[in-house]
Structure formats: structure tokens, C-alpha cells
Amino acid sequence: MSARQLLARRRRLAGGLSDPERTLRGVLLAEGRRCSSEGCRCRRGELHGPYSYLAVYTDGRSRTVYVPQALAPVCEAHVELTHHNDELLLEISQINLELLRRRALE
Ligand SMILES: [Zn+2]
């Protein structure tokens, strides 16, 4: 690909980015939980749920954040949009790296 073609591809990729204010990095999980009641069926392996959690990785550690059922669809949309934008940004970065190698970065 010529530098001119790379620049055109970069512009197309950048045009595909959307809604940065809805960025939410993480992975949605569905997990069963045990409660605090001693005689409950969950003590025999019949867990409550599944409930939705968002696994997030910040400051070098991962943790999970509970996602209320009513917010699961909007949370999922944010996570998918973020994943889509991240893939575009990764490819834009690769194009810029190639342009740098060719002394054609602008
Ligand atoms: Zn229980």
C-alpha cells in the first residue's frame, strides 16, 4: 500500500470511531453467587443468579463490578462500542507506525 493509500485508510478508520463519551473498558460476565444463609440450596452448589458483572482491569489489578439487570443492555452496548473503537484505534496506530517507518508520518 502506498503512503497515500495508508492515509486514506487511516481517515476511513477514524471516521468509523463513535461516541467516545460512552467508552467503558471491561468484559461482561454472568456468574452465580452464594448467599450468607447456612441452609440455602446454594450451599449444595445451586448458586443464585446468574448475575451480571463487569470485569475491569485498572491500575494493574482486575476487579468485578456488579451490573444491575436494568443496566445490562446499556452496559453491554458501551462495552461493544468500546471494543469496536479500540480495534479501529489499534489499526490506526499500526498505520501510523508504518508511516513513521517510511518517514511519511503526518
Ligand atoms: Zn443461597
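Arg101 is exposed, with a relative accessible area of 56%. Here buried means under 20% relative accessible area, exposed means over 50%, and partly exposed lies in between, for a 1.4 Å probe and protein chains only. The model is predicted: local features need pLDDT of at least 70, side-chain atom pairs count only at pLDDT 80 or more, and totals for chains, interfaces and linings use all residues. Residues are numbered from 1 along each chain as its sequence is written, and side-chain values use heavy atoms, with hydrogens and water left out.

**Salt bridges**

Arg101 forms a salt bridge with Glu98, and the closest N and O atoms of the pair are 3.5 Å apart. A salt bridge is a side-chain nitrogen of Lys or Arg within 4 Å of a carboxyl oxygen of Asp or Glu. Side chains of opposite charge can pair when their charged atoms come close. Both Glu98 and Arg101 lie in helix α2, three residues apart, which is about one turn of the helix. Helices (H or I, at least four residues) and strands (E, at least two) are DSSP runs, numbered from the N terminus.

Glu98 also meets the side chain of Arg102 in a salt bridge, at 2.7 Å from N to O.

The search of the whole structure finds six salt bridges. One of them joins the side chains of Asp86 and Arg25, at 2.7 Å from N to O. Asp86 lies in helix α2 (residues 72-101) and Arg25 in the loop between α1 (3-15) and β1 (27-33), so the pair ties together parts that are 61 residues apart in sequence. Asp86 is partly exposed, with a relative accessible area of 27%, whereas Arg25 is exposed at 52% relative accessibility.

**The zinc site**

The zinc ion is coordinated by Cys35 (SG), Cys40 (SG), Cys42 (SG) and His48 (NE2), at 1.9 to 2.3 Å. Donors are N, O and S atoms within 2.8 Å of the metal (3.2 Å for Na, K and Ca); water is not among the atoms, so sites may look incomplete. The angles among the four donor atoms are 102 to 115°, and the site is tetrahedral. Four donors count as tetrahedral if all angles lie between 85 and 135 degrees. Along the sequence, the donor residues are spaced C-x4-C-x1-C-x5-H. Of the cysteines, Cys35 is partly exposed, with a relative accessible area of 28%, and Cys40 is buried at 16% relative accessibility.

**The sheet**

Three strands make up an open sheet in the order β1-β2-β3, with antiparallel pairing. β1 and β3 (61-67) stand at the edges, each with a single partner strand, so one side of each is left without a neighbour in the sheet. Neighbouring strands of this sheet are turned by 40° against each other on average, direction ignored. For this angle, axes are lines fitted to C-alpha atoms, for helices over the stretch in contact, and angles run from 0 to 180 degrees between N-to-C directions. Two strands pair if DSSP finds at least two bridges between them.

β1 is joined to the antiparallel strand β2 (residues 48-58) by six bridges. Leu28 has Leu54 as its bridge partner in β2, and Leu29 has Tyr53 as its bridge partner in that strand. Tyr53 also stands opposite Tyr66 in β3. Seven bridges join β2 to β3, which run antiparallel. These two strands form a hairpin with two residues between them, and Asp59 in the turn has a positive phi of about 50°.

**The whole chain**

The protein chain has two helices and three strands, and from the N terminus on its elements run α-β-β-β-α. Its radius of gyration is 21 Å, well over the 13 Å that the globule rule gives for 106 residues, so the chain is more spread out than a compact globule. This radius is taken over C-alpha atoms, and the globule rule is 2.2 Å times the number of residues to the power 0.38. The C-alpha atoms fill a box of roughly 70 × 25 × 20 Å, taken along the principal axes. Of the 106 residues of the protein chain, 21% count as buried.

Technical notes:
Four donors count as tetrahedral if all angles lie between 85 and 135 degrees; four count as square planar and six as octahedral if opposite donors are over 155 degrees apart and all others between 65 and 115; anything else is irregular.
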